[in-house]
Amino acid sequence: MARKHITPAEATLFDWALLALIVAFGGSSFAFIRKAVETAPPAVVAAGRLWVAAILVYLLMRAAGRRLPPLLIRSGSNWRIRRSWLWMIAVGASGNVLPFYLFPWAQQHVESGLAGVYMAFMPIWTVGLAYFFAGEHLTGRKLAGFALGFLGVILLMGPDAVKGALTSSFLAQAGLLLATLLYAVSAVLSRRAPPIRPRVFASGMLIVAAIMAVPALFFTDLKQEQWSAASLWSIVFLGVFPTGINGVLIIMLIRRAGAGFMALSNYITPLWAVGLGAIMYHERLELNALIALAIILMGLAVSQRSPFSKKRTGAIEAGDGLAGELAPMIERADEKVR
């Protein structure tokens, strides 16, 4: 029996607020990754942020009175991995383990601006994958909005970042492109996963990712004597905000408004980074940044039919962000789906 899939409802004002938080937390990750890899190997940065995030989200989940579902379930006379864990394993591997290694490694060979440009590919990957695998509509309006957003990011990063594509490591750029594709795969898998509370889903996903990140440490020259306090604090920051808290918020937003809507954060994030620099470091806002802002906001307006809809039509059976804990009835249904 195929699982019925219902497309997500239109985004509400609350969904836009979630998107803003995701951008605020995630927009600082590039700067902290750059600081972290100054003295710590990429494998340490990836594993460290994942373990910090996994512990944090697990404690948040337990504080809310929730728990992870058992790993195994009896199927007849045999035992198998519970269906919910299969989804959490898939999302953790695709959206956390490999991208978290690829980005720190690639940022050792390319400029942060060029990495930001490549992050703009993530919404493009997502909108295509969500159309084919998550039942999200692909309209001319949405395509035009995403194209405008991408153009705005290119303009914001400036010609130097684009020229950097010609002189930077091709292998590193391929790694960045693969990482954005994996982020998109993770977003669509999160959308199609069965109903699980966001904190439970994020906790299981991060625990899986943290465990999977450990083996690479055995093949890495750790050089602990070179680690600086700034790098260590950067890893903690990356674990708490862009990875841990954002992990919960992203799952919530994908379940509520869809993978395509969540992917819009990758267009707004560069704007946040530029604005943060202007506020904290008194960096001058160039004319191209203001033009890019206008283009990106235009793209957001075009891609969303009703940006501040207050109503939600229809239930979201496939992964409602506000659904209850995994119940036995979900596992019984799983017996028919496998």
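**Exercise 1. Examine the contact between Lys 35 and Glu 38, and classify the accessibility of Lys 35.**

Solution. In this predicted model, the closest N and O atoms of Lys 35 and Glu 38 are 3.5 Å apart. A salt bridge requires a side-chain nitrogen of Lys or Arg within 4 Å of a carboxyl oxygen of Asp or Glu. The Lys 35 and Glu 38 contact is accordingly a salt bridge. Lys 35 has a relative accessibility of 34%, so Lys 35 counts as partly exposed.

**Exercise 2. State how many salt bridges the structure holds, and describe the one formed by Arg 256.**

Solution. The structure holds 2 salt bridges. In one of them, the side chains of Arg 256 and Asp 15 meet with an N to O distance of 2.5 Å. This pair links distant parts of the chain, with Arg 256 in helix α10 (residues 229-257) and Asp 15 in helix α1 (residues 13-26), 241 residues apart. Both Arg 256 and Asp 15 are buried.

**Exercise 3. Determine the geometry of the ring pairs Phe 25 with Phe 241 and Phe 32 with Phe 237, and locate their partners in the fold.**

Solution. A pair of aromatic rings is described by the distance of the centres and the angle of the planes.

Step 1. The count of aromatic pairs comes to 5. One of them joins Phe 25 and Phe 241, with 5.4 Å from centre to centre and 40 degrees between the planes. Planes under 30 degrees apart count as stacked, and those over 60 as edge-to-face; the Phe 25 and Phe 241 pair is tilted.

Step 2. Phe 25 belongs to helix α1 and Phe 241 to helix α10, and the pair links parts of the chain 216 residues apart. Phe 241 is partly exposed, at a relative accessible area of 28%.

Step 3. The ring centres of Phe 32 and Phe 237 lie 4.0 Å apart with planes at 15 degrees, so this pair is stacked. Because Phe 32 lies in helix α2 (residues 29-36) and Phe 237 in helix α10, the pair ties together parts 205 residues apart in sequence.

Step 4. Phe 32 is partly exposed, with 27% relative accessible area, and Phe 237 is likewise partly exposed, at 22%. Ring pairs link Phe 25, Phe 32, Phe 237 and Phe 241 into a cluster.

**Exercise 4. Identify the rings over which Arg 49 and Arg 255 are placed.**

Solution. Arg 49 lies over the face of Phe 100, 3.9 Å from the ring centre. Arg 255 has its charged end over the ring of Phe 201, at 4.8 Å from the centre of that ring.

**Exercise 5. Which residues form the nonpolar patch on the surface, and which helix supplies its largest share?**

Solution. The patch consists of Trp 51, Ile 55, Tyr 58, Leu 59 and Ile 211, with about 500 Å² of accessible area together. Helix α3 (residues 42-63) contributes the largest share, 4 residues. Tyr 58 is located in helix α3, and its relative accessible area of 34% makes it partly exposed.

Notes
Residues are numbered from 1 along each chain as its sequence is written. This is a predicted model: local features need pLDDT of at least 70, side-chain atom pairs count only at pLDDT 80 or more; totals for chains, interfaces and linings use all residues. Side-chain values use heavy atoms; hydrogens and water are left out. Patches are made of residues with over 30% relative accessible area and no salt bridge: like charges are joined within 9 Å, nonpolar side chains (Val, Leu, Ile, Met, Phe, Trp, Tyr) within 5 Å. Accessible areas come from the Shrake-Rupley method with a 1.4 Å probe; for residues, only the protein chains shown count as cover. Helices (H or I, at least four residues) and strands (E, at least two) are DSSP runs, numbered from the N terminus. Buried means under 20% relative accessible area, exposed over 50%, partly exposed in between (1.4 Å probe, protein chains only). Rings of Phe, Tyr and Trp (its six-membered ring) pair if their centres lie within 6.5 Å; planes under 30 degrees apart count as stacked, over 60 as edge-to-face and the rest as tilted. A charge sits over a ring if NZ of Lys or CZ of Arg is within 6 Å of the ring centre and within 35 degrees of the ring normal.
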